Amino acid sequence: MPTRLQRSGVSLLIGTMKGFFILRGGTARRSWKLDEPQFFGAVIEHTIQDPRNPACLMMGARTGHMGPTVYRSFDYGCTWQEAEKPPAFRKAKKKEKGQAVEAVFQMTPGHADFPDDWWATTIPFGIFRSRDGGHTWKGLKGFNESKSLKKWGGGGFPPPGGPFTHSLLIDPRDAQHMYVALSVAGMFETTDGGKKWSPVNEGSKACFLPNPDVKFGQDPHCAIMHPADPDRLYQQSHCGVYRMDRPEGVWKRIGLRMPKSVGDIGFAIVPHPRDKDTVWVFPMDGTDVWPRTSPKAKPAAYVTRDGGRTWQRQDNGLPGRHAYFTVLRHAMATDSEPKAGVYFGTTSGEVYGSRDEGKTWSCLARHLPRILSIEVMAQS
Amino acid sequence: MEASGGTVGEVMKDLDHRFPGIRFRIVDEQDRIRRHVNMTVGERRVKKLKERVPGTGTLFILGALSGG
């Protein structure tokens, strides 16, 4: 049974192929304790804390054979309620090919001005909104039924897991202004709350297409709007690490400054909580047949502290050889402590953490199922 | 459990009335039985909600688990 004690400090919300785990690090973040699993056996895609109401968590989940759904907690993950109306596409009209949500892939808290607003992004391409704290969900018509969406998605090749919708980024200055990333289709932007979307891919490559310089068809793996500056975006894509500064709006491949022997292919990218020039990535082997494990089986995070001009390798405490895991796109996170913590989970079921901004790492948990996502939960 | 209805879909509707949300976990938003869910009426495999069920019988719903 999950603990019912509300503990202060930093915890990690861990979504895995076989359940949900909370790993508690307290205020010191020195010793970590793993709660008993919840939703044991279910696929937990992503769980995130609501910054507007910290006791509230939102989870996208499914089982191996049943349909996808959303669970909500209002007590820091001690107890959960299932959504009454989970994300679902509208029923198809006659002669129309209907879509079904396969996975609720990522949950995003809404804008601070709308405390009951939540967003869910799905496989296949779909954006859903809840205006009642996650109880009921409705498709975003301007996106889900956009004729352009078929064109955008048809430009690339869907990845093996299906077409992923992820990285819904909401401008804290303007709730109508959002970005979304589609894998494979590229990044898109709306300035009217989601009625109309347009590509924002200038400068980013679709290196797997005959013509890599296309308006859409790129494969962003993970994109972030930096919490310290909403005009600063970063993207870890299938074809490198990029940075974009608005209003200019052109992606620049900052990953080219990383060592050539490592490359700049990966899934995750996470920001420093306060410094807009600092982000972490976790490179993987994107050569040959794309093993997607760490280059030369020597895992390391890479950090830039100057917006991508230079990068430093961070592997102190990580396995020095023969480590063949992958860090998936939602499986890396940072906390907001004065000395920021950095955490990642592996497809081999280990959780690593650093409480000194990546200088040293330690293994916080092992032998978990394949880790799909990690988010930080803060309790005061 | 007991449920009523003349078709698979009607039985699912009755179940959902009594156990809200159960239908969506078994049947998707396009009224298709989910890919990894198998249903039989007695020993006869059924694939669509419009298929008829007898006045008295057993609708068997199986989550087809596979993989590791």
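Analyst: Before we start, one term: helices (H or I, at least four residues) and strands (E, at least two) are DSSP runs, numbered from the N terminus. Also, this is a predicted model.

User: Thanks! Where does A:Tyr76 sit, then?

Analyst: You will find A:Tyr76 in the loop of chain A between strand 6 (69–73) and strand 7 (81–82). Its phi is positive, about 60 degrees, although A:Tyr76 is not a glycine.

User: Is A:Tyr76 buried or exposed?

Analyst: Buried. A residue counts as buried if 20 or more other C-beta atoms lie within 10 Å of its own, and A:Tyr76 is buried because 23 other C-beta atoms fall within 10 Å.

User: And what about the phi of A:Ala297?

Analyst: A:Ala297 is not a glycine, yet it has a positive phi of about 60 degrees. The loop that holds A:Ala297 runs between strand 21 (279–283) and strand 22 (301–304) of chain A. A:Ala297 has 15 C-beta neighbours inside 10 Å, so it counts as partly exposed.

User: Switching topic: which peptide bond to A:Pro247 is cis, and where is that proline?

Analyst: The bond from A:Arg246 to A:Pro247 is cis, with omega near 5 degrees. A:Pro247 is in the loop between strand 18 (240–245) and strand 19 (251–253) of chain A. The bond from A:Ser183 to A:Val184 is cis too, with omega near 20 degrees. A:Val184 belongs to the loop between strand 13 (178–183) and strand 14 (186–190) of chain A.

User: Which residues touch the most other members of the largest nonpolar core?

Analyst: That core has 109 residues, and A:Met332 is one of those touching the most other members, along with A:Ile14, A:Met59, A:Ala268, A:Ala331, A:Phe344 and A:Ile374.

User: What does A:Met332 touch?

Analyst: Leaving out residues up to four places away in sequence, its contacts include A:Trp280, A:Phe282, A:Tyr343 and A:Phe344.

User: Now chain B. In what order do its elements run?

Analyst: Chain B has 2 helices and 3 strands, in the order α-α-β-β-β from the N terminus on. Its C-alpha trace spans about 40 × 25 × 20 Å along the principal axes. Of its 68 residues, 16% are buried.

User: How many residues of chain B are in contact with chain A?

Analyst: 15 residues of chain B contact 14 residues of chain A. On the chain B side, helix 2 (residues 22–26) gives the most, with 3 residues. That side of chain B divides into 6 nonpolar, 4 polar and 5 charged residues.

How values were computed: Residues are numbered from 1 along each chain as its sequence is written. Chains are lettered from A and ligands numbered from 1 in the order in which they are written. This is a predicted model: local features need pLDDT of at least 70, side-chain atom pairs count only at pLDDT 80 or more; totals for chains, interfaces and linings use all residues. Two residues are in contact if their C-beta atoms, placed from the backbone, lie within 7 Å. Ala, Val, Leu, Ile, Met, Phe, Trp, Tyr, Cys and Pro count as nonpolar, Asp, Glu, Lys and Arg as charged, and the others, Gly among them, as polar. A nonpolar core is a set of buried Ala, Val, Leu, Ile, Met, Phe, Trp, Tyr and Cys residues joined through C-beta atoms within 7 Å. A residue is buried if 20 or more other C-beta atoms lie within 10 Å of its own, exposed if 12 or fewer, and partly exposed in between; C-beta atoms are placed from the backbone.
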